[in-house]
Amino acid sequence: MSAVCQVTGRKPGYGKQVSHSHRRTSRRWEPNLQNRRYFVAGEGRWVRLRVSVKGMKTIDKRGIEAVVAELRAKGVKL
């Protein structure tokens with residue numbers, strides 16, 4: 001499963017890890033993804049989302065109904 005937030009679209013960041021000797025190796029910064037279930041009252045059912053913590057804050061602010069409607073408009077199957 002890819003490390004992408006379904007709400008915000010956050011993806012891993014890529015860069016270099018620099019050691020004390022200044023030797024560089026590749027690394028990636030993963031988004032803080034969580035699997036969450038939200039109850040959509042309009043549909044009377046639970047929806048599973050793989051969201052970052054920033055995405056959870058977005059859902060808290062805008063409401064799950066608005067976020068699900070926007071995801072459906074983008075063509076995401078829920």
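This is a predicted model: local features need pLDDT of at least 70, side-chain atom pairs count only at pLDDT 80 or more; totals for chains, interfaces and linings use all residues.

F39 counts as partly exposed, at 39% relative accessibility; partly exposed lies between buried, under 20% relative accessible area, and exposed, over 50%, using a 1.4 Å probe and protein chains only. Residues are numbered from 1 along each chain as its sequence is written, and side-chain values use heavy atoms, with hydrogens and water left out.

With which residue does F39 form an aromatic pair? A search of the whole structure finds one such pair, and F39 forms it with W46, edge-to-face, at 5.4 Å centre to centre and 65° between the planes. Rings of Phe, Tyr and Trp (its six-membered ring) pair if their centres lie within 6.5 Å; planes under 30 degrees apart are stacked, over 60 edge-to-face, and the rest tilted. W46 is also partly exposed, at 47%. The charged end of R37 sits over the ring of W46, 4.3 Å from its centre; the criterion is NZ of Lys or CZ of Arg within 6 Å of the ring centre and within 35 degrees of the ring normal.

The largest nonpolar core has 15 residues, and V7, Y38, L49, V51, I59 and I64 touch the most other members. Such a core is a set of buried Ala, Val, Leu, Ile, Met, Phe, Trp, Tyr and Cys residues joined through side-chain atoms within 4.5 Å. In soluble globular proteins, nonpolar side chains tend to be buried together. Leaving aside residues up to four places away in sequence, I64 touches Y38, F39, V40, L49 and I59, contact meaning heavy atoms within 4.5 Å.

Finally, the charged pairs. The structure holds five salt bridges, each a side-chain nitrogen of Lys or Arg within 4 Å of a carboxyl oxygen of Asp or Glu. E43 meets R45 in one of them, at 3.0 Å, N to O. R72 also forms a salt bridge with E43, the closest N and O atoms being 2.5 Å apart. E43 is partly exposed, at 36% relative accessibility, and R45 is partly exposed at 31%. Another salt bridge joins the side chains of K74 and E70, at 3.8 Å, N to O. K74 is exposed, with a relative accessible area of 56%, whereas E70 is partly exposed at 32%.
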